[in-house]
Amino acid sequence: TPILPLGRVAVEGILWAANILSLCAFFILLVLGLQKYGYNKNASHWIGFFFVLVNVPILRTLGYYQINIHVTNLIFFCLLTYKNNRILSAFFLCLAVHLKFSPIVLVLPFLLNRDFRWMAWFFVFTLLIAGITVVPFGWNPFFSFLNNIQNVYIANDINFRETSVDSLFRSLALFIDIPSNVVSLLIMVTKAGILLFSLGVMAQVVKSRTFMSNNTSED
C-alpha cells in the first residue's frame, strides 16, 4: 500500500528488484539447508545451482511478480534458526503464513514434536502481525480471505494445470458427468485420507528423527 502512489511502473520495478534479491537469498539459503542436513559443500552448491538454473515455478514467480520466493525464504529461515533461536524460528514461519496461508501445514511437525514453547511464540506473533493489518485496514482483509477460500472455484474456472485434489475431481466431473454433491464428497474423503496419511508420516519422521543433523542430537 505505501508504494502504490508511486505508480504502476515504479511498483513493478520495486517488486521485480525485491524478487531478484530474494532469488539470490534463496540460492544461499538452499545451499545452507542442504549442508545442514548432511550434503557436503560442493554438492550443495551444484544442486542449488542446477535447481534454480531452469525452474519454471521460479520463472513464473518472477514474471508475475508473485511472493512465492519470499515465502520459501522465510520457511528456510524458520528451519535454519530453529536450533539456536526458537523465537525467531516461529516469527519467520508466522510471516510466511501471513503472506501465503499454505505454509501453515509446517506447524504440524512442531506440534507433533511437542514444542509448545515454539507454538506459543507462533500464536503470539500471529496475533501481533494480524494486528498490524487490523489497525489500518480493519478485519475486512481476513473476511475476504475466508470468503475467497470458500468460493475459489465459483469465482474462477477450472485450471487444468492445477494439481489440487479439488481440480482433479472437478475436472473429471466435466468429462464423466458426476453430480456436484458426489464430487464434493469425493474431495472431502480424499483430502481426509491425505491428511491422515501425512500426519502418520510426520509422526513417524519425528519419532525416528529422520532429518536430525549429524552434528547434534538437538537439531
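## Contacts along the chain

In this predicted model, 55% of the contacts between residues at least 6 apart in sequence join residues at least 24 apart. The protein chain contains 11 helices and 0 strands.

## Overall dimensions and surface

The C-alpha atoms of the protein chain fill a box of roughly 55 × 50 × 40 Å along the principal axes. Of its 219 residues, 25% count as buried. The chain exposes about 15,000 Å², and carbon and sulfur atoms supply 69% of that area.

With regard to charge, the chain carries 14 positive and 8 negative side chains. The centres of these two sets lie 10 Å apart.

## Helix α5

Helix α5 covers residues 86-99, a total of 14 residues. From its first C-alpha to its last, the helix reaches 20 Å, close to the 20 Å expected at 1.5 Å a residue.

The buried residues of α5 are Ser89, Ala90, Phe92, Leu93, Cys94, Ala96 and Val97. These residues pack against three helices: α4 (68-81), α6 (107-112) and α7 (116-137). An α-helix has 3.6 residues a turn, so residues three or four places apart point the same way.

## Threonine 61

Threonine 61 belongs to helix α3, which spans residues 56-63. Its relative accessibility is 3%, and buried means under 20%, so threonine 61 counts as buried.

Leaving aside residues up to four places away in sequence, threonine 61 touches Asn19, Gln66, Asn68 and Ile69. With asparagine 68, the side chain of threonine 61 makes a side-chain to side-chain polar contact of 3.1 Å.

Technical notes: Residues numbered from 1 in each chain as written. Predicted model: local features only at pLDDT ≥ 70, side-chain atom pairs only at ≥ 80, totals over all residues. Heavy atoms only, no water. Helix = DSSP H or I, 4+ residues; strand = E, 2+ residues; numbered from the N terminus. Buried < 20%, exposed > 50% of the residue type's maximum accessible area, 1.4 Å probe, protein only. Polar contact = N/O pair within 3.5 Å; in protein donor to acceptor, adjacent residues only side chain to side chain. Contact = heavy atoms within 4.5 Å. Expected span 1.5 Å × (residues − 1). Areas by Shrake-Rupley, 256 points an atom, 1.4 Å probe, with all protein chains shown as cover. Lys, Arg positive; Asp, Glu negative; His and termini not counted. Charge placed at Lys NZ, Arg CZ, Asp CG, Glu CD.
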